[in-house]
Every structure is written in C-alpha cells, then in structure tokens.
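Subject: Structure handed over, with notes

Dear colleague,

Here is the structure I promised to pass on to you. Please open it beside this message, so that you can follow each point on the screen as you read.

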Amino acid sequence: VQMDRDLRHALKNGELFLAYQPQIELDSGRIIGVEALLRWRHPQLGLIPPQQFIPVAESSGLILSLGDWVMNAACNQIAEWEKRGMNGFRVAVNLSARQFRHNHLAESIRNIIAEKNADPTLLEIELTESAMMDDTEQASRTMHQLKDMGIHIAVDDFGMGYSSLNYLKRFPIDSLKIDGNFIREVASSEDDAAIATAIITMGHSMQLKVIAEGVETQEQLGFLRARDCDAVQGFFMSHPMRAEKMTAILGVDP
Ligand code: G
Ligand code: G
Ligand code: MN
Ligand code: NA
C-alpha cells in the first residue's frame with residue numbers, strides 16, 4: 001500500500017525515467033535499437049528495481065498509468081532521435097500481461113504516437129509468451145491492430161513460458177528474444193547450447209529475427225555469432241543508460 005502510494009506520487013513528481021540498453025546487430029556491428037527499461041529513483045530509498053515495483057503496480061492497476069507514462073516517454077524519445085537523423089533506430093517497450101489485455105491498448109498507443117509525432121515503425125512492443133497465450137483470440141486481435149499501425153512485435157523471455165508453435169506462426173510476430181537464462185551457460189552447457197541453437201534455427205525458418213539477451217561474455221557472443229543469431233543485448237556490450245548518454249554514444253547532435 002505504501003509503495004503504491006509512493007509510486008503514484010513518483011509518477012507526478014518526475015521520479016521515473018527510462019534507461020536504454022543497446023541492441024547490436026551481429027552482421028554489421030551497428031546499434032540497431034534499444035530496449036527501454038523503467039527506472040524509479042525514490043527520494044529516500046534510492047533506485048528501486050522494477051522487479052519490486054512493477055508487480056505492485058500490476059496488482060493495484062497503476063500499471064496502466066505507468067504504462068502510459070512509459071509509452072509517452074519512449075515515443076518522445078523516438079521522435080527526438082528521429083529528428084537528429086537516426087534512421088531506423090528502434091525503441092522497444094515492455095508491456096506486462098495486464099497492459100496487453102487492456103481493451104483500449106492499441107487506441108491508446110495510436111494516440112500517443114500521433115501526439116508525439118513518432119514513426120510507429122520505430123516502436124517495438126515486447127510481450128512475454130504468457131501474455132500472448134492467455135487469451136489467444138484477444139491477443140491476436142490486439143497484435144494485428146498494432147502490426148497494422150506498423151509497430152514491431154517481439155516475444156520477450158522466449159523459451160521460459162509455454163508458447164504453442166502454432167500460435168507463434170499465426171501471430172504477427174517480428175522477432176524472438178532468447179531469454180538470458182539460456183545464454184548464461186550457453187558456452188558451457190550442452191543443453192543450453194542446444195536450446196539457444198534450436199530457437200535461432202526455428203526463428204529463422206519462420207522468418208523471425210532472433211536476438212539474445214543477457215550476453216555477458218566474449219564466449220557467449222562468439223557462440224551466438226557462430227550460430228547466426230541476428231542481434232545481441234547485454235552487459236558485455238553495454239549496460240542500460242540514460243537517453244543523453246545514449247545520444248552521445250551514437251554521435252549525433254546533442
Ligand atoms: O532492467 P530490468 O531490471 O530493468 O527489468 C526488470 C523487469 O522489469 C524485466 O522483466 C522487464 O521486462 C520489466 N520492465 C522494465 N521496464 C518495464 C516497463 O516499462 N514496463 C513493464 N511492464 N515492464 C518493465
Ligand atoms: O524481462 P526482460 O528481458 O525485459 O528484462 C530485461 C532485464 O535484463 C533488465 O532488468 C535488464 O537490466 C537486465 N539485463 C540486461 N542485460 C543484462 C545482462 O547482460 N545480464 C543480466 N544478468 N541482466 C541483464
Ligand atoms: Mn524485455
Ligand atoms: Na527478457
């Protein structure tokens with residue numbers, strides 16, 4: 001209850017910000033986009049990890065306002081990076097199951113995109129398998145609405161949930177993100193190596209891009225490169241950072 005009240009206050013008080021973590025294309029070595037990760041700097045408690053406050057916001061329903069805040073901030077940033085001439089640079093936003101199931105999700109995203117004048121093809125939505133599989137009829141409808149707007153759709157934490165390959169084929173998905181749990185020991189565990197390889201092969205045979213997350217070592221990176229993974233994200237390449245730092249690294253006009 002206390003945290004929910006603090007979080008409501010944080011929303012109004014500017015205590016939230018987005019950190020951006022680069023996604024690197026292996027073929028070109030280029031940063032092709034970023035994942036936006038919500039951060040809360042509490043005035044007394046300091047930085048509170050999303051694993052602590054997102055579940056609270058989910059159960060109170062505040063996640064919807066929080067999600068609107070995130071979408072506004074991300075679309076604002078898309079428009080700004082676009083203005084600086086960063087062509088095709090995509091921003092991925094996480095949606096929790098409750099946000100994804102909300103009736104007016106597509107409409108509300110459409111309004112934010114229009115208001116911020118952001119290119120919808122530069123927005124990517126990350127959904128977990130369980131969010132997609134909960135009510136497949138509604139999920140499919142919502143995903144098609146987003147897709148029709150030009151928005152990209154990625155399956156987050158892939159391999160950790162239960163997803164039917166049949167739906168994977170029927171949903172308008174653009175990419176799979178291999179969960180970091182499979183990457184951690186990918187260079188030493190035969191099982192994890194087999195899983196990661198299978199995801200890459202299956203993704204490619206379905207014309208999906210495959211990105212590995214949680215890449216922390218040179219060995220993991222080498223493995224993924226050898227298996228033809230499309231892109232990587234993780235501390236080995238870069239930690240999440242503030243927009244200003246991201247802009248500076250990209251070398252575009254500040
Ligand atoms: O970096 P990390 O600690 O940021 O993220 C922890 C978890 O919080 C991840 O599962 C991530 O998907 C989730 N998360 C981060 N930012 C957001 C957000 O803006 N919205 C939602 N719904 N989840 C987020
Ligand atoms: O659930 P989701 O995949 O959205 O969560 C992303 C989370 O992973 C964020 O908390 C982010 O800070 C974290 N993260 C990003 N790169 C790495 C990494 O290389 N190692 C670990 N352990 N976590 C990472
Ligand atoms: Mn994610
Ligand atoms: Na993930």
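Let me begin with one residue, Met132, which touches Leu127, Ala139, Ser163, Tyr167 and Phe171 when residues up to four places away in sequence are left out of the count. Please keep in mind throughout that this is a predicted model. Met132 belongs to helix H6, which covers residues 129–133, and it counts as buried because 25 C-beta neighbours lie inside 10 Å, where 20 or more are required. Between Met132 and Thr142 there are 9.8 Å in space, taken from C-alpha to C-alpha, and the two are 10 residues apart in sequence.

Thr142 leads us to helix H7, where the buried residues are Thr142, Met143 and Leu146. They lie on the same side of H7, because the arc that they cover around the axis is only 100 degrees. Which elements cover the buried residues of H7? Among them are helix H4 (97–101), helix H5 (105–116), strand E5 (123–128) and strand E6 (152–158).

Although Gln138 and Arg101 are 37 residues apart in sequence, their C-alpha atoms are 7.6 Å apart in space. After H7 comes Gly150, which has a positive phi near 100 degrees.

A similar reading can be made of helix H1. H1 runs over residues 2–13, and its 12 residues reach 16 Å from the first C-alpha to the last, which is close to the 16 Å expected at 1.5 Å a residue. Its residues Asp6, Leu7 and Ala10 are buried, and they are on the same side of H1 because they cover an arc of only 100 degrees around the axis. On the other side of H1 you will find Arg5, His9 and Lys12, which are exposed. The buried residues of H1 pack against strand E1 (16–25), strand E2 (31–42) and helix H2 (50–60). Just after H1 comes Gly14, with a positive phi of about 70 degrees.

Asp157 is not a glycine, yet its phi is positive, at about 55 degrees; it is found in strand E6 and is buried, with 20 other C-beta atoms within 10 Å. Asp228, also a residue other than glycine, has a positive phi near 75 degrees. Asp228 lies in the loop between helix H11 (218–226) and strand E9 (231–232), and with 13 other C-beta atoms within 10 Å it is partly exposed.

Next, the ligands. Around ligand 1 are Leu37, Leu38, Pro49, Pro50, Gln51, Ile54, Val70, Asn94, Leu95 and Ser96. E2 and H2 each supply at least two residues of this shell, and H2 gives the largest share, 3 residues. How do the residues around ligand 1 divide by class? There are 7 nonpolar and 3 polar residues, and no charged ones. The shell around ligand 2 has 13 residues, of which Asn94, Gly214, Glu216, Gly234 and Phe235 come nearest, and by class it holds 4 nonpolar, 5 polar and 4 charged residues.

Finally, the chain as a whole. It contains 12 helices and 9 strands. Its radius of gyration is 18 Å, close to the 18 Å that the globule rule gives for 254 residues, so the chain is as compact as a globular protein of that length. Along the principal axes, its C-alpha atoms fill a box of roughly 50 × 45 × 35 Å. Of the 254 residues, 36% count as buried. If you take the contacts between residues at least 6 apart in sequence, 65% of them join residues at least 24 apart.

With best wishes

Conventions:
Residues numbered from 1 in each chain as written. Chains lettered and ligands numbered in written order. Predicted model: local features only at pLDDT ≥ 70, side-chain atom pairs only at ≥ 80, totals over all residues. Near = placed C-beta within 6 Å. Nonpolar A, V, L, I, M, F, W, Y, C, P; charged D, E, K, R; others polar. Helix = DSSP H or I, 4+ residues; strand = E, 2+ residues; numbered from the N terminus. Expected span 1.5 Å × (residues − 1). Buried ≥ 20, exposed ≤ 12 C-beta atoms within 10 Å, placed from the backbone. Arc of directions from axis to C-beta. Contact = placed C-beta atoms within 7 Å. Rg over C-alpha atoms; globule rule 2.2 N^0.38 Å.
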